[in-house]
Amino acid sequence: MDESQTVARNIALQREWYGEPLGDRVRRLVVVFDISQAQLAEVLGISPPMLSQVMSGRRAKIGNPAVLARLIMLERAVSRPAVAAGERAAQRQALDEVRDSRPAVTTDAISVEGGGVEGGGEEQVAFAVLRAVASSTELTEAAARLDGTHTGLSRLLLRAAGAELDQD
């Protein structure tokens, strides 16, 4: 397989795994935060050459789950009004928060043998993802905001936060 075929295959895999090519996602962040790829790589916790390879399709995936979690955290930070408005202080704060974060992706809910999920199916995967991008306090606060209007989602967030729920 020549390099152009490898790149095309890797970009197709990125679309399947991440919803779109990683180069598109990364370029948006570089533009919004007005930083270089090297600066973004440092915030994400990945080497600049590795980020370049992922962006160009020479590599298919981000191997470190914490790096992917930080990428998602930055994408979510773009929805903050001050960040979206281009306020440099808000952008710098978001970048610093993500750089200093230590997202943890646990394996206690994922079965390696069968490739499936043990003890709760997709719900456990959702809990792992939620815990990777938000603290227990943030999940609890979000649940409180949704309670009354989106009860099912509120209860899910509380369970992801580790809060005990009364059984109905």
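# A guided tour of a helical chain

In this predicted model, confidence in the chain is lowest in helix α8 (residues 122-133), with a mean pLDDT of 69, and highest in α3, at 97. Colour the chain by pLDDT to begin. The average over the chain is 84, and 83% of the residues score at least 70. Next, select residues 109-121, where pLDDT stays under 50. For this stretch the model has 11 contacts beyond four places in sequence.

**The whole chain**

Display the chain as a cartoon. It contains 10 helices and zero strands. Of its 168 residues, 33% count as buried. Among contacts with a separation of 6 or more, 55% are between residues 24 or more positions apart.

**Helix α7**

Select residues 88-100, which form helix α7. This helix has 13 residues and reaches 18 Å from its first C-alpha to its last, close to the 18 Å expected at 1.5 Å a residue. Now show the side chains of Ala90, Gln91, Ala94, Leu95 and Val98, which are buried. They cover an arc of only 135° around the axis, and therefore lie on the same side of α7. An α-helix has 3.6 residues a turn, so residues three or four places apart point the same way.

Turn the view to the face of α7 that points away from its buried side; the exposed residues Ala89 and Asp100 are found there. Then return to the buried side and display what covers it: the cover includes α2 (22-33), α3 (37-44), α5 (65-77) and α6 (81-84).

**Gln91**

Select Gln91 within α7. Is this residue buried or exposed? Gln91 has a relative accessible area of 3%, and because buried means under 20%, Gln91 counts as buried. What does its side chain reach? The side chain of Gln91 comes to 2.8 Å from the backbone oxygen of Val32. Leaving aside neighbours within four places in sequence, the contacts of Gln91 are Val32, Phe33, Val83 and Gly86.

**Asp34**

Move to Asp34, in the loop between α2 and α3. Asp34 is exposed, with a relative accessible area of 59%. Its backbone also deserves a look: Asp34 has a positive phi of about 50°, although it is not a glycine. Most residues other than glycine have a negative phi.

**The nonpolar cores**

Select Phe33, Leu40, Leu44, Leu51 and Leu74. In the largest nonpolar core, which has 26 residues, these touch the most other members. The elements that give two or more residues to this core are α2, α3, α4 (48-56), α5 and α7. Centre the view on Leu74. Another core, of eight residues, lies apart from the largest one; Phe127, Ala134, Leu158 and Ala160 are among its members.

**Pro103**

Finish at Pro103, in the loop between α7 and α8. Pro103 is buried, with a relative accessible area of 14%. Which residues does Pro103 touch, not counting those up to four places away in sequence? They are Ala66, Ala69, Arg70 and Ala132.

Note on methods: Residues numbered from 1 in each chain as written. Predicted model: local features only at pLDDT ≥ 70, side-chain atom pairs only at ≥ 80, totals over all residues. Heavy atoms only, no water. Helix = DSSP H or I, 4+ residues; strand = E, 2+ residues; numbered from the N terminus. Buried < 20%, exposed > 50% of the residue type's maximum accessible area, 1.4 Å probe, protein only. Polar contact = N/O pair within 3.5 Å; in protein donor to acceptor, adjacent residues only side chain to side chain. Contact = heavy atoms within 4.5 Å. Expected span 1.5 Å × (residues − 1). Arc of directions from axis to C-beta. pLDDT = per-residue confidence, 0-100. Core = buried A, V, L, I, M, F, W, Y, C linked by side-chain atoms within 4.5 Å.
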